[in-house]
Amino acid sequence: MIEGAAWRRWVYFRLPLGFLVLWLLFPFYWMLITAVRPDGELYRPWNATNYTPFWTTNPTWAHVEYLFEETIFGTWMWNTMVIALASTAISLVCGVLAGYALSRLKFPFAGSLGTGIFITYLVPQTLLFIPLAEIIRNYRLGDTPWALILTYPTFLIPFCTWLMMGYFKAIPKELEECARIDGAARWQAMLYIVIPVALPGILSAGIFAFTLSWNEFIYALVFLSSPEQKTVPVGVVSELIRGDVFFWGPLMAGALLGSIPVAIVYSFFVEHYVAGLTGSVKG
Amino acid sequence: MAQVVLSQINKFYDGAVHAVKDVNLDIRDREFMVFVGPSGCGKTTTLRMIAGLEEISSGDIRIGTQRVNDLAPMDRDIAMVFQNYALYPHMSVFDNMAFGLKMRKFEKDEIRKRVQDAAEILGIQDLLKRKPRQLSGGQRQRVALGRAIVRHPQVFLFDEPLSNLDAKLRVQMRVELKKLHQRLGTTAIYVTHDQVEAMTLGDRVVVMKDGLVQQVGEPLELYNAPATRFVAGFIGSPAMNFAAVTVTERDGGLRLVNEGLDIAAPPHAADRLRACLGREVTLGIRPEDLRIATAADPADFAFDALVEVVEKLGSEILLDLKVGRGAMVAAVEPTVRAVYGDRLRIALNPDRLHFFDAQTDATI
């Protein structure tokens, strides 16, 4: 905390903070204002006398209506939801089990295996989609939701595994030992003791995984082709940018609606999420 | 209830570190056995091998009549209390205590009855609905004990259960633990690094150092007849004084001599010391066996000392003394008036002298 005179607090804390908040929130404001601005205002030249880029006097729902009437935005939302939930579920199950094994079971090469998993996370998607496309083609999964449900875990599982490894390490191993003396087999100790205690960590991993797959672009762009299979990020971009014509209103309305589920997920679990990141286990 | 027998127990970590060396113990039915020693002496490892949480590198452990080496912890019919309590943070006190019974598929009524009984014994009936984080340290400790006693196991294992409590509560819980054991009569094995806990709780005490058992015996046996210099120094507070002395013969009598001391060998040890004539031995004497000399004290069992520190404890005074080039602590009457720099004549109790081999540290 900044101490001393009031002006010091303003100069060193409040003004920089205010500037940072404005800087970060401005793109969201721009998205919101563009989504509700009528086309007449959107395409007005910058030197027109009534040019008002930062506000609008007659907001409209026309762009949202356009999204639902002229495109299959509802289908894209549904596709994205199904794919994000399924790949998150797969990744969480694998990540929790792998994280538990790597942090708790003593087996040869556990340490190097953990590092290896992390390294796979560092391989860029832009490189990985080429061989993955080959695999998708061989298994005839192209243009189906499975193409994404099965490929998203390639980056989600390493991520979840790492997050859960750290979290499991923070849980005292006596808890589990005590459960095993109390009469629980190893899997029961994990199921009844370790996993409930690790719930904040599991939730954070889940939120992260859900967000990553919700926003994923390149795999969705490459592996899906027919409009009714697409996800929101790809659908919006491919249907609302035609050549060099940008349908800015519907584009921004799509971005706005597409970010709502993620915002809901975050706000719903925000407390657990913070607890998960700080790794606190209160004994 | 059962006896626990350890025969030729060894523990190696990664094939290199020899943490527990050839431990043989026969813990009797209903006995309260305490393992004590400095950190890293192998006491906790031994306990964890009995619990089944560590592999046994070699040797056998029997609980009752059964060899348990290859049994999982859950099948050994033991209960363990951990230093950090290890309460399940997401469960209420009731569920914490009931967990072991639920895992063993007890009837609901029986579970409720047993948890109630245990809660009553420990005085935590009002806390059953709370979560562990809403409890104080002492209450958590009781819940951890309750979780152990509801199961009516054959053996209780305690791994430094009191070391997370503050000093006053520790003394109180120590007494309660002892009462609990007298009431339940279950065989108990208790690990601590605190020799006071070991002396007050144990029916017998095992002193360990570097993975080796130094001595097994009743508390007063360890105190009065320590087997090694280590046991002598570890048991008792303030610790026993040690001085290196040379055994010499003068005017037909054995003398023990160094720069600050020149005393006669006490009659009870004379024969044994004669074998060490001309060699150096370690003399051990407890602070309470030293006192301010009076004119009546024989000169053969007294020495001069310089007072360096005076510690007034109320019930007694501890004098930190410089004797020759060595140091000693004397516990004297609270009425003694001594200040820094005083030169005093100190008498020792010749019947209470201990002698240790200077090389092997074994008692002579």
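## Two helices that cross

Axes are lines fitted to C-alpha atoms, for helices over the stretch in contact, and angles between them run from 0 to 180 degrees between N-to-C directions. With that in hand, let's look at this predicted model. Helix H5 (residues 110-122) of chain A packs against H8(A) at an angle of about 135 degrees, and their axes are 8 Å apart. An angle of 65 to 115 degrees would count as roughly perpendicular and one over 145 as roughly antiparallel, so H5(A) and H8(A) are oblique to each other. The crossing of H5(A) with H8(A) is left-handed.

Who makes the contact? From H5(A) come A:Gly114, A:Ile117, A:Phe118, A:Thr120 and A:Tyr121, while H8(A) brings A:Phe155, A:Pro158, A:Phe159, A:Thr161, A:Trp162 and A:Met165. Sorted by class, that makes eight nonpolar, three polar and no charged residues.

In soluble globular proteins, nonpolar side chains tend to be buried together. Here, the largest nonpolar core has 146 residues, and B:Val34, B:Met80, B:Leu157 and B:Ile189 touch the most other members. Helix H8 (residues 153-170) of chain A gives this core its largest share, eleven residues. Another core, of twelve residues, lies apart from it and includes A:Trp76 and A:Phe247.

Take B:Ile189 as an example: leaving out residues up to four places away in sequence, its contacts include B:Val4, B:Phe35, B:Leu47 and B:Leu157.

## Where the chains meet

Chain A puts 18 residues into the contact between the chains, and chain B puts in 20 residues. Which helix gives the largest share of chain A's side? That is H9(A), with seven residues. By class, the side of chain A that touches chain B has ten nonpolar, three polar and five charged residues.

How values were computed
Residues numbered from 1 in each chain as written. Chains lettered and ligands numbered in written order. Predicted model: local features only at pLDDT ≥ 70, side-chain atom pairs only at ≥ 80, totals over all residues. Core = buried A, V, L, I, M, F, W, Y, C linked by C-beta atoms within 7 Å. Buried ≥ 20, exposed ≤ 12 C-beta atoms within 10 Å, placed from the backbone. Helix = DSSP H or I, 4+ residues; strand = E, 2+ residues; numbered from the N terminus. Contact = placed C-beta atoms within 7 Å. Nonpolar A, V, L, I, M, F, W, Y, C, P; charged D, E, K, R; others polar. Parallel < 35°, antiparallel > 145°, perpendicular 65-115°, else oblique. Left-handed = near helix turned anticlockwise from the far one by under 90°.
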